[in-house]
Each structure stands twice: as C-alpha cells, then as structure tokens.
Amino acid sequence: MWKPARFVSKGPPFIRLCIVSLSLVSATSCNTSSMGSNTPPSSAPEPALAIASSHAGDFTTNEQGAIYSLIVTNQGTGPTNGTVNVAEIVPTGMTLASMTGSGWNCTSNTCARSDVLSVGANFPTITATVNVSANAPSPETNQVSVAGGGSASATGRDTTVIVSLIVTSTTCAGLPSGNESVLSGQYAGVAQGWQGSTPSAMAFSVALDGAGNVRDLGGGNGGDLDVNDSSSGPRHFTIQSAGSLYKVGPDPGSAVFGVAGDSGFVGCLQLQTPGGSFTFAIAPGSFTSGVAARGMLLQIDSTTTPKSQVAGELRLQDSNAFGSGDTTALHTNYAFGEHGGSPKGRYAMAGSFVLDPLSGSVSFFTADQNEAGTPSGISGAGMISSVSRLDGRATATFTTGAPSVTTSNRVLYVVNSDEIFTLGSDLWGLGSPIRSGQAVASAASFDATSIAGNHIVHTTGQFLCTANNVSGPCAIGTLGLLSLSSNSSTTGAITGTLFQYNIQDGPQTTTFSPNSPGTFALASSTGRVTLGNMGANPPVLYLASPTTNSDPVTFFIVSTDAAASFGYAEQGASASVSNLSLPAKFFVGNDDSGDPSVWSQIAVISNFPFAPDGTWDYTWSGMQLLNADANEYAAGLNITNLDPNNNPAPGLGTAGVGVVAITNGKRVLCLLEGGQFSKDVTVGGKAAVIVIAEPQ
C-alpha cells in the first residue's frame with residue numbers, strides 16, 4: 001500500500017489533524033471534536049426534465065392529421081415540483097391542428113400539468129396533430145421544449161421527411177366509357193394488401209353522380225378516404241370532387257390473349273385528395289335497375305416507395321343508416337372480423353360486440369386475436385362517435401382489459417345498418433397491427449340450430465416456410481364445405497371436407513366423417529363457437545346473421561395456429577349443384593392472400609358453351625396487380641367434377657388450377673395453388689389465393 005512521507009505541522013493541532021485525515025485515513029478518523037465535520041454538504045435532489053418528439057414514417061404534402069408524439073421524462077435525482085409546461089413549434093410547412101394528452105391542459109401550442117413526475121418516469125404522451133402544406137419543403141424539423149417543475153428547461157428536435165404525392169394520374173385515360181350510369185350513389189370501399197413486405201389498408205366513401213363525376217357534397221368535398229401503412233402511418237384525406245372522375249364501359253376483352261369482350265363492365269375510379277390521387281380498376285356487378293350494388297377494387301397507381309398494392313370491394317351505401325349523423329339507425333348486435341399484419345407477422349381477429357344505438361357506446365366487446373401464431377382472447381368496451389351524415393365515416397375507440405389494458409382505434413364506414421367497413425387507425429407496431437375488415441349484423445342470442453346446415457368455409461393466412469427448398473413467409477389457403485348439426489341447444493357435430501394448400505406441404509385434404517365427426521360448442525350470448533376433434537389448434541368462430549344487404553357471412557373465422565389465418569363461411573347449397581344452374585357472367589376478385597409475392601386481381605368472366613366432355617369452361621379477362629402495376633391478363637377456369645350427386649358435399653368440385661366451391665348464392669370460390677398467380681415463379685410460387693366470382 002502506498003504511504004506518503006512523514007509530515008510535521010507547526011500549526012494548531014486541529015489543522016494538523018485535518019491534514020492527516022485528508023492525507024492518510026478516511027474522513028471518519030478525523031477528530032471532529034476539534035475541527036467539526038469534514039464531510040462537504042450534500043446537494044438536494046433535483047428534477048431534470050427532458051423532452052422528445054417522434055413520428056412514424058414520412059409525412060406527405062397536403063397530408064391532414066399527421067402526428068408527432070411528445071414525451072416528457074424526468075432524468076434527474078428528485079421529483080418535479082410545480083407546473084410543467086410544454087411548447088410545440090411546428091415547422092414552417094405545417095400548421096398545428098391540435099395538441100392533446102391524458103392529464104394535460106392544452107391550449108394552442110402549449111400544454112401544462114402540475115402533478116408530480118417521479119425520477120425515471122414519463123408523463124402521458126402528448127399527441128400533436130399537424131396538417132402539411134402543399135409546398136412543404138423536405139426535410140422539416142419539429143421543435144419542442146419543456147420548462148418548469150423545478151427543472152431547467154430542455155428542448156427536442158425531430159427531423160421529418162416530406163414526400164410529395166401530388167400527381168396527375170392519367171391511368172383512366174383511354175379506358176372504355178359510356179356506361180357510367182351503372183355507378184350512381186354513395187359508395188364505400190375497403191381494401192387491403194401490401195406495401196413492399198408490410199401490410200397496407202384503406203377505406204373510403206365517395207359520391208358518384210352516374211355521369212362520370214364525383215358529386216360535390218359541399219365545399220368541394222366528394223367524400224373521405226383513410227389509409228394506413230407502416231411507412232407513413234394512419235392518414236385521413238378529403239376526396240376533392242374537382243379532379244376526381246370515373247369511367248365504366250363494356251369489357252374490351254383482351255387483344256393480347258384473344259378473349260372476347262362480352263363479360264360485362266369494367267371501370268376506373270380516380271380519387272383526387274390533398275395527398276395525391278388514388279386510382280382503382282373496378283369490376284362492378286350485382287345490378288339492380290341498372291345500378292351496381294357491389295364491385296371489386298384494385299389500386300393501380302400507387303406513388304409510394306415501395307409501391308402499395310391493395311385490392312378489395314366496393315359497396316353501394318344506404319344513407320338512411322347514417323343520415324342522422326349518429327348511430328341510431330344501426331343494430332344492437334354485430335359480429336366482426338379483421339385481418340392484416342404487425343411487425344411480428346400475420347394478424348387476424350374475430351369477435352362480437354353490443355352497441356347502444358342511442359349513445360354509440362359499445363359493451364360486451366369480445367374477440368379472439370392471433371398475432372403471428374400467438375392467440376389470445378380479449379374483452380372490453382368502446383364508443384362509436386363522429387358519424388358523418390354525408391358519407392357514413394365514423395371513428396371508434398375500444399379499450400380492452402384482458403390480458404392487459406389496451407386502447408385501439410378504428411375508422412368506420414357505414415355501408416348500411418347491416419354492415420360496416422372497418423380500418424385500424426393505430427400506428428404500426430407490436431400489438432398494433434395494420435388491419436381492415438367488416439362488421440355484420442348479428443343477434444342477441446344464438447342456439448345450435450342457428451348454424452345448422454351446409455357452410456362453405458374459406459380462409460387465408462401466412463406462416464414461415466422452413467422446408468422443401470422454400471424459406472420465408474408462405475401463404476396458406478383453405479376451402480371446403482362443412483355440415484353442422486345440433487345435438488343440444490349449444491352443442492353439435494361437424495362433418496365435411498376441407499382442402500388446404502401451401503407451397504411447403506402441398507395440397508392436403510381433411511375429411512370429418514359421420515363416424516368421426518368434429519364437434520362444436522356455442523356461447524349463446526356472444527355467438528362464439530369453439531371446435532373439438534378437428535386437429536390441433538382448431539379455429540374459433542363468431543356467428544353473424546347476414547341479410548341481403550350485407551356480405552353473406554354466416555360466421556367469421558380466426559385460427560389459433562402459427563398461420564394466423566382469417567376468413568369466413570357462407571351458406572352452402574342444401575342440394576346438388578349442376579353446371580347448368582349457374583349464371584353466365586361474374587365479376588371477380590380475391591381474398592387477401594397473406595403473401596406479398598401474390599398478385600391481386602379483379603376481372604369479369606363469362607361462360608363459354610357447355611363442353612361435350614362434361615366440364616364447365618369459364619374464361620376471364622381483367623387486371624392483375626404486380627408491384628402496383630396494372631397488367632392485362634386472361635386465364636381459363638375449367639371446373640370439373642360437379643357431380644349432381646356430390647355426396648356429402650354439394651357444390652364442391654375441382655378446377656384446372658385448384659379446388660372450387662359454390663355457395664347457395666351461386667358465388668364461385670376457387671383455391672388457386674402454386675405459382676399461377678405469384679410473382680415468385682422462379683421457385684414455383686408461394687401462392688394460396690381464394691378467388692371469389694360473384695354473379696353480375
């Protein structure tokens with residue numbers, strides 16, 4: 001041990017003792033009786049506030065409702081004391097729309113609170129909502145500051161990239177026209193797909209005048225459009241009647257493939273918004289008095305990088321369901337289903353809720369969800385508010401208390417009192433998926449006889465391929481017919497056949513025979529159905545009560561396995577289905593494939609003469625989406641084995657590219673297998689797509 005040289009002091013003893021204590025020994029050995037304490041006075045604990053601003057993805061020019069999240073943290077040694085003030089200084093190319101936060105008192109660009117913030121803790125997040133101007137430069141810097149609470153002031157900066165999305169689309173130019181009258185009224189759309197390898201979804205409502213124009217609902221507003229993706233987060237735009245248009249004309253067929261143009265109508269819908277134009281190919285159908293009640297959508301002009309590729313459906317709205325500007329025209333009970341993805345992978349949810357139409361409050365919110373193979377049950381309550389009397393757009397917030405307290409947000413578009421389109425409006429993140437779907441009218445109670453009969457079931461999902469020279473996310477599709485019969489008020493048996501395909505395992509068939517049936521158990525108040533004797537990790541069902549005004553959903557389906565599959569069932573035929581019993585013309589779209597390598601598509605198809613060999617030949621022409629670029633294509637669908645005595649599954653057959661099923665509403669569903677509709681054809685394709693053909 002190091003020892004200093006001996007030191008002799010000539011000063012007073014107390015000086016010598018203190019020098020010794022500082023040089024040789026610890027402070028406790030100093031003679032404090034002669035000199036007093038030598039420990040320096042300690043400083044009092046003090047707070048040290050810090051503030052951070054963050055945002056998700058890039059903002060876009062003319063974007064409305066872009067969000068900055070502001071978080072105040074105490075990084076000091078003591079708690080705060082007194083009022084804490086936060087100030088927001090938005091960039092020059094933006095305007096502040098609002099500032100809100102739980103427990104904060106916000107006025108203009110400042111927020112304040114006086115409660116104590118302990119060391120290492122955060123105050124609840126402040127949400128600063130901004131609108132981006134048309135000529136905002138890039139990048140911009142958001143500036144924030146915090147002061148008070150006994151702390152020195154602090155600042156934060158948040159650099160933001162602004163992407164210009166103002167484009168003049170000419171996608172509709174040159175397409176057939178002259179039949180715009182088939183689209184007349186207020187139409188809601190919902191679509192889902194991919195932006196690169198992550199999910200993207202949107203929903204909208206637009207007023208079409210029957211003459212190719214978007215009708216002005218007031219102030220140049222032709223409707224609303226909401227979009228959510230991982231790069232830019234949730235955004236809400238007003239559809240501008242000026243610059244928006246649509247065209248509808250006879251199907252031109254395909255000069256490339258030599259397909260005759262006698263299949264019905266095809267169209268193009270261009271929606272101009274402050275954030276740019278959104279253009280869709282349309283396949284309209286379900287005509288009543290010459291006006292389409294339904295249609296298929298395909299986005300064909302994405303300007304994002306990577307490009308967005310979404311497909312979905314278009315529905316004629318009933319303004320009586322939202323014209324009062326509230327929920328009073330809606331039903332009390334709804335079942336719902338949503339699907340999409342989170343950073344972990346595929347996401348699916350199905351559930352039910354009870355609505356008080358007079359107040360908009362939601363109770364008995366019950367659901368099963370599956371995030372990338374992790375299933376869980378949730379329950380809670382919520383509120384539907386801000387219903388637009390112009391186009392049926394509303395907002396909804398749900399708070400669930402199990403397994404942990406979570407708040408989720410949605411944008412709703414009311415189609416009619418029997419059906420509502422849904423779009424998740426939360427920022428992309430773990431436990432916060434991008435998703436879309438629908439709610440369909442349900443019932444206050446069910447018994448097992450409610451679901452007795454034949455049901456065509458179809459689901460799609462995604463899992464991680466690890467074998468057969470295939471790696472990465474792979475789509476999986478299931479299509480089949482199940483017959484349900486009751487043996488008590490809440491239980492019953494299931495027989496039938498399910499066909500399933502994925503590129504790793506190939507085609508598989510599962511049969512539930514009367515000698516070894518599956519079983520089901522029903523919770524009568526929620527419509528939740530659990531299954532037994534149907535393999536490991538069977539799915540969960542939620543019953544709906546479909547009408548002619550809604551999609552024909554008899555129950556929503558969410559899987560509990562690694563694929564996180566989602567789908568629904570439709571009423572199957574009760575008797576045999578023959579080729580000759582089907583209509584001649586259809587409009588076509590596909591379910592979300594669960595795989596970004598799969599083309600989305602819409603089409604119209606027509607029946608070619610009944611073939612002598614007993615097959616039923618269809619061909620279709622239309623548009624297919626590959627990296628958000630529209631491509632003309634034609635293909636054949638050769639349906640065989642529709643045995644009039646198809647027992648025990650009427651309406652099941654095979655097609656040249658997969659398995660086919662036909663509902664009692666004469667909708668044709670086909671499970672496409674392999675690379676027929678996959679970009680990834682170099683490895684055989686990972687497609688597993690449910691194509692839906694609906695009578696025109």
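This is a predicted model: local features need pLDDT of at least 70, side-chain atom pairs count only at pLDDT 80 or more; totals for chains, interfaces and linings use all residues.
Author: Let us start with a definition: two strands pair if DSSP finds at least two bridges between them.

Reader: Thanks! Over how many bridges do S5 and S8 pair, and in which sense?

Author: In general, strands of a sheet pair through backbone hydrogen bonds, either parallel or antiparallel. Here, S5 and S8 pair over six bridges, in the antiparallel sense. You can look for Ser98, which stands opposite Thr129 in S8.

Reader: What is the order of the strands in the open sheet?

Author: The four strands of this open sheet run in the order S1-S3-S8-S5, with antiparallel pairing. Strand S1 (49-54) and S5 each have a single partner strand and stand at the edges, so one side of each is left without a neighbour in the sheet. From one strand to the next, the twist averages 25°.

Reader: Now for the rings. How is a pair of aromatic rings described?

Author: Two things are given: the distance of the centres and the angle of the planes. This structure holds 10 aromatic pairs. Take Trp104 and Phe123, whose rings lie 5.3 Å apart centre to centre with 80° between the planes. Planes over 60 degrees apart count as edge-to-face, and that is what this pair is called. Trp104 is in the loop between strand S5 (94-100) and strand S6 (105-107), while Phe123 is in the loop between strand S7 (110-113) and strand S8 (126-132), 19 residues apart.

Reader: Are Trp104 and Phe123 buried or exposed?

Author: Both Trp104 and Phe123 are buried.

Reader: Which kind of pair do Phe237 and Phe278 form?

Author: Phe237 and Phe278 form a tilted pair, with 40° between the planes and 6.1 Å centre to centre. Phe237 lies in strand S15 (residues 233-250) and Phe278 in strand S17 (residues 276-288), so the pair ties together parts that are 41 residues apart in sequence.

Reader: Why does Phe237 count as buried?

Author: Phe237 counts as buried because its relative accessibility is 0%. Phe278 is buried too, with a relative accessible area of 9%.

Reader: Which residues form one aromatic cluster?

Author: Tyr334, Phe336, Phe353, Phe365 and Phe398 form one aromatic cluster.

Reader: And how many helices and strands does the protein have?

Author: Its secondary structure comes to two helices and 44 strands. Of the 696 residues of the protein, 54% count as buried.

Terms used:
Residues are numbered from 1 along each chain as its sequence is written. Side-chain values use heavy atoms; hydrogens and water are left out. Rings of Phe, Tyr and Trp (its six-membered ring) pair if their centres lie within 6.5 Å; planes under 30 degrees apart count as stacked, over 60 as edge-to-face and the rest as tilted. Buried means under 20% relative accessible area, exposed over 50%, partly exposed in between (1.4 Å probe, protein chains only). Axes are lines fitted to C-alpha atoms, for helices over the stretch in contact, and angles run from 0 to 180 degrees between N-to-C directions.
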